[in-house]
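Thank you all for coming. Please have a look at the structure on the screen, and then I will go through it with you step by step.

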Amino acid sequence: MAKILIIGCGAIGTQLAHVLSAKGHQVTGLKRNPPKTDTVKVNYFAADITSAADLKDLPTDFDTLYFIVSPDARSEESYRDIYESGLNNLLNQFSLADSSPHWIFVSSTSVYGQSQGEWIDENSIAQPENVTSQLIRRAEQKLMALDADNIVVRFSGIYGPGRKYLLKMVMQSPAIQKNPPYFTNRIHQQDCVGVLAFLLERRLAGVALEQCYLASDDDPAPLWEVMWWLAEHLKCQPPTVKSVDKDCEMNKRCNNQRLKALGYKFSYPSFKDGYLELINSETV
């Protein structure tokens, strides 16, 4: 049994807390506004990581720490709050207590700046051009330099229940670049949780892990193909052809072989598996 702190208990963090608790681990969730009741045995600590004062009474005797925090907005200020101020406050808190838990840090494939449809993996250059992705990348580097056992998990575009961005987009018959193809990469929310729990299990089993894992499904596909497929199944007007976007920043294909070689099996290996379930179960 491990003693685990999950920093950031949104949809993924909360579901992960429930999964790990059910496996017998002692789980604490850090959240600004914790739920008043939880049917699963998860302890909560109320705090805002951007406030050092909020963290002064945070216990530090954890084996593993998950960082799954999302910025409040897509702004440089919000990203600095989380990936600089918040992260530094946490590191200081554990340093003062002379505690060194293993970190599993949730990052993003946005740290890759490739834009010509290239295949990328964990060994590809990660030099993003936009400032928000640069802040994530610097946070990665800080944790990886701190301890060789810390792990960075780079998720691609997350979808699943309640995450209807593409479903809403396709209903508007959008203009999409067709040629050359603009690739999109996804991972279902359930696989996000699955990957994070799997990596902990592998570590506890004594398996030697890499410092970085790219977590994306088996099917990086042209956005045109994805939108056409969605339109067909939603019985709405298909997308129209858009002229080539010469300024696109993130056109790449994510290779997940390192994660699969470790033994992870995706519950939703293709966008068709996940979106078909969403279409059948939700009102768009």
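Which residues does Y79 touch, if we do not count residues up to four places away in sequence? Before I answer, please keep in mind that this is a predicted model. The residues in contact with Y79 are P71, A73, R74, E84, T132, L135 and I136. Y79 itself belongs to helix α2, which covers residues 76–96, and Y79 has a relative accessible area of 11%, which is under the 20% cut-off and therefore makes it buried. For a sense of distance, the C-alpha atom of Y79 is separated by 27 Å from that of E118, although these two residues are 39 apart along the chain.

Three of the names in that contact list, T132, L135 and I136, lead us to helix α3, which spans residues 131–146. Helix α3 has 16 residues and reaches 23 Å from its first C-alpha to its last, which is close to the 22 Å expected at 1.5 Å a residue. The buried residues of α3 are T132, S133, L135, I136, R137, A139, E140 and L143. As background for reading such a list, an α-helix has 3.6 residues a turn, so residues three or four places apart point the same way. And what covers these buried residues of α3? The cover includes helix α2, strand β5 at 102–108 and strand β7 at 151–155.

Those strands bring me to the sheet. It is an open sheet of seven strands in the order β3-β2-β1-β4-β5-β7-β12, with parallel pairing. Strands β3 (42–46) and β12 (212–215) stand at the edges, and because each has a single partner strand, one side of each is left without a neighbour in the sheet. On average, and ignoring direction, neighbouring strands of this sheet are turned by 20° against each other. For those of you who are new to this, strands of a sheet pair through backbone hydrogen bonds, either parallel or antiparallel.

Let us look at some of the pairs. Strand β1, residues 3–7, runs parallel to strand β4, residues 64–67, and four bridges join them; within this pair, I7 has F67 as its bridge partner in β4. Helix α5, residues 189–204, packs on the sheet, where it touches β1, β4, β5, β7 and β12, and its direction makes about 160° with that of β7. Helix α3, for its part, lies across β5, β7 and β12, and runs at about 160° to β5.

Is strand β7 enclosed by the rest of the structure or left open? Five of the five residues of β7 are buried, so this strand is largely enclosed. Both of its faces are covered, with I151, V153 and F155 buried on one side and V152 and R154 buried on the other. Strand β7 runs parallel to β5, to which it is joined by five bridges, and it also pairs in the parallel sense with β12, over four bridges.

Now to a few places in the loops. R163 is found between β8 (157–159) and α4 (165–170), and with a relative accessible area of 30% it is partly exposed. R163 touches A11, I12, I158 and Q189, leaving out residues up to four places away in sequence, and the C-alpha atoms of R163 and Q189 are separated by 8.9 Å, though the two are 26 residues apart along the chain.

Most residues other than glycine have a negative phi, and most peptide bonds are trans. With that in mind, please note S173, in the loop between α4 and β9, which has a positive phi of about 50° although it is not a glycine. K235, in the loop between α6 and β14, also has a positive phi, near 55°, and at 75% relative accessibility K235 counts as exposed. Finally, a cis peptide bond joins N179 and P180, with omega at about -10°, and P180 lies in the loop between β9 and β10.

How values were computed: Residues numbered from 1 in each chain as written. Predicted model: local features only at pLDDT ≥ 70, side-chain atom pairs only at ≥ 80, totals over all residues. Heavy atoms only, no water. Helix = DSSP H or I, 4+ residues; strand = E, 2+ residues; numbered from the N terminus. Buried < 20%, exposed > 50% of the residue type's maximum accessible area, 1.4 Å probe, protein only. Contact = heavy atoms within 4.5 Å. Expected span 1.5 Å × (residues − 1). Pairing = 2+ DSSP bridges. Axes fitted to C-alpha atoms, helices over the stretch in contact; angles between N-to-C directions.
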